[in-house]
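Visitor: I would like to learn how to read the features of a structure like this one. Could you take me through it step by step?

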Amino acid sequence: MPHLSIILWLPLAFALAGFFMPGKSVRWLSLGGSLLTLALVVAYLFDFESAKSGLQHPTDETWISALGVHYQLGIDGLNVWLLLLAAVGFTFSIAWSAPKDDAASLERPQQYYFHLGLAQTAVIGALIAQDLILFVAFFDLMLIPFFFLTAQWGEGADRTKAVTKMVIYTLVGSLLMLVGAIALGVLATPDGQQVSFSFADLAQRAVPEGSQGWIFACFAAAFLVKMPAFPIHGWLRDGYKAMPLPVLAVFSGVLSKVAIYGFLRVALPLLPQGAADLRWVVLIIAVLSILYASSIALTTTDARLVLAFSSVAQLGFITLGVFSFRTDGASGALLQSVNHGLVVLPAFLAVGVLSARAGGSEDIRDMGGVAFRAPIFAVLFVIVTYAVLAMPGSANFVGEFLILRGTWEGASIALAVVASLGVALAAVYALRLFIRTTHNRVGPRVTSRELRPAELVLLAVPVALILALAVYPQKTIHAGERAATRSVLGAAVAADPEGARKMLADDARTGGEAAVELAGEAAGRPSGSAAEEPATPGQQSGAPQGDVPIDPTTGQPVPGGSSTPATPGAGR
């Protein structure tokens, strides 16, 4: 397989090459680079071994030795499908933008595609970085191209003001995250040892429990602002209205998932006690985001904002799954992250198609009646709508079911019941958007016509991916199960040792491989060999086969069935 650095820097390389191309050719060069990146990511996906634990295709080179910073990359179950989502999202955005050159509506195309290529490199870097400082650098770099894309090619006279507000919000979060990252690396370093920001090294070192809370709060603030979540979403309305639709599609579909990934990659596994201490704060924020955003999506008449607040509600569900501290909830969150990203791409394109046929208006009151003369568009749009509302049979339904189940079992029955109201509200606002824009009376300025060939292809591709994932969502779930269990286990033990033990026991009884693997590692034998090994002392004495004892200090299964905590600092 090609070196991971190739897919990381390939989009930026093509973007730089575009400066030496004529204006009409740079779009196809940029699209070619994005398609090549997508092809390489697909190759990595097919090469990915779900049964193999740890990083695959790792790269580890010392970058700044004095600071303990490494150029460290890798793929595992947490990022492999999100990497595909990023490649699909940016290819979709570039392909959508390309035809605009014909009408001379896109000025300075070299700069436009350069910023998209830079943004794609930053997102891929944040997803595959295995060093904390490298992750923070790429995470912050993601925002810069979108500032210029919105300020120069955005919509509305106040677009610079809107994007500046977005930058201020996210910059504050980024600064807090930088402080937290430095503190994490320094406080986790034992006396006399070299500071290291490698995730692998940090996972073996213990941050003092008294410091974990405020460090976790720094990371949580950065991630929640980026998503965004209620009540720190003040930039959302103006920012979403100002962005060009092709840019907004990838921003909403891809960038917000990097924040969710940050919780699973950084905050929970490296700061388990801090995550446990502030867990209920984040859970309440997630539920409030679901209810608040759903109510706004239900009442607004702006089609773009319906999708914007729908995204906030869906990210609330995803956050709920992460902080259920259960394998099913975290696996559902990963699946739903991919689902939501694939759904918002064609959804925003549908808004663009409808707006073009309604005289440029994005108000659903000015739309309607296009289904009769555009039946193919109506069929594709209704599939997207059913995915938004998590219709049974869709992968979105599977993701939300796993999230609510994890919340029910791992957090609170009351929270799961209240959050389920968001499912009902999603059905209302999604169907309202579809019916008001494609059926009912024909709008006063509506020109009803079928999709052009370019629009048809662009809309059909993500819809095909939505249908494929609906047929076999297990592929995504299985790929991330081991990594999701590792991410949430330490925090689960810190929050509720008995609940963590029950989670692993349930996973073992239902044929899950994560618990067996972790128990095998703790016992010093390869995963998958449990059936061939003698029973542990706990099992010989009549303990249930699925009861995996958990060491509350390390958050790992205890070898031999002993529940005696390890000596502080042992194995770390």
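Guide: Let us begin with a charge and a ring: a charge sits over a ring if NZ of Lys or CZ of Arg is within 6 Å of the ring centre and within 35 degrees of the ring normal. Here the charged end of K226 sits over the ring of F139, 4.8 Å from its centre. Please keep in mind that this is a predicted model, in which local features need pLDDT of at least 70 and side-chain atom pairs count only at pLDDT 80 or more, while totals for chains, interfaces and linings use all residues. Residues are numbered from 1 along each chain as its sequence is written, and side-chain values use heavy atoms, with hydrogens and water left out.

Visitor: Which residues do ring pairs link into a cluster with F139?

Guide: Rings of Phe, Tyr and Trp (its six-membered ring) pair if their centres lie within 6.5 Å, and planes under 30 degrees apart count as stacked, over 60 as edge-to-face and the rest as tilted. In this model, ring pairs join F139 with F135, F216, F219, F223, F263, F323 and F325 in a cluster.

Visitor: How many aromatic pairs are there by this rule?

Guide: The count comes to 24 aromatic pairs. Y112 and W153 form an edge-to-face pair, because their ring centres are 5.3 Å apart and their planes stand at 80 degrees. Helices (H or I, at least four residues) and strands (E, at least two) are DSSP runs, numbered from the N terminus; this pair links distant parts of the chain, with Y112 in helix α4 (residues 109-128) and W153 in helix α6 (residues 143-153), 41 residues apart.

Visitor: Are Y112 and W153 buried or exposed?

Guide: Buried means under 20% relative accessible area and exposed over 50%, with partly exposed in between (1.4 Å probe, protein chains only). Y112, at 3% relative accessibility, counts as buried, and W153, at 11%, counts as buried too.

Visitor: Which residues have the most contacts inside the largest nonpolar core?

Guide: A nonpolar core is a set of buried Ala, Val, Leu, Ile, Met, Phe, Trp, Tyr and Cys residues joined through side-chain atoms within 4.5 Å. The largest one has 184 residues, and those with the most contacts inside it are L132, F135, F216, F219, F263, L268 and F377. Helix α11 (residues 245-270) supplies the largest share of this core, 18 residues.

Visitor: How many residues of α15 are buried?

Guide: In helix α15 (residues 327-356), 28 of the 30 residues are buried, so this helix is largely enclosed by the rest of the structure.

Technical notes: The expected span of a helix is 1.5 Å times one less than its number of residues.
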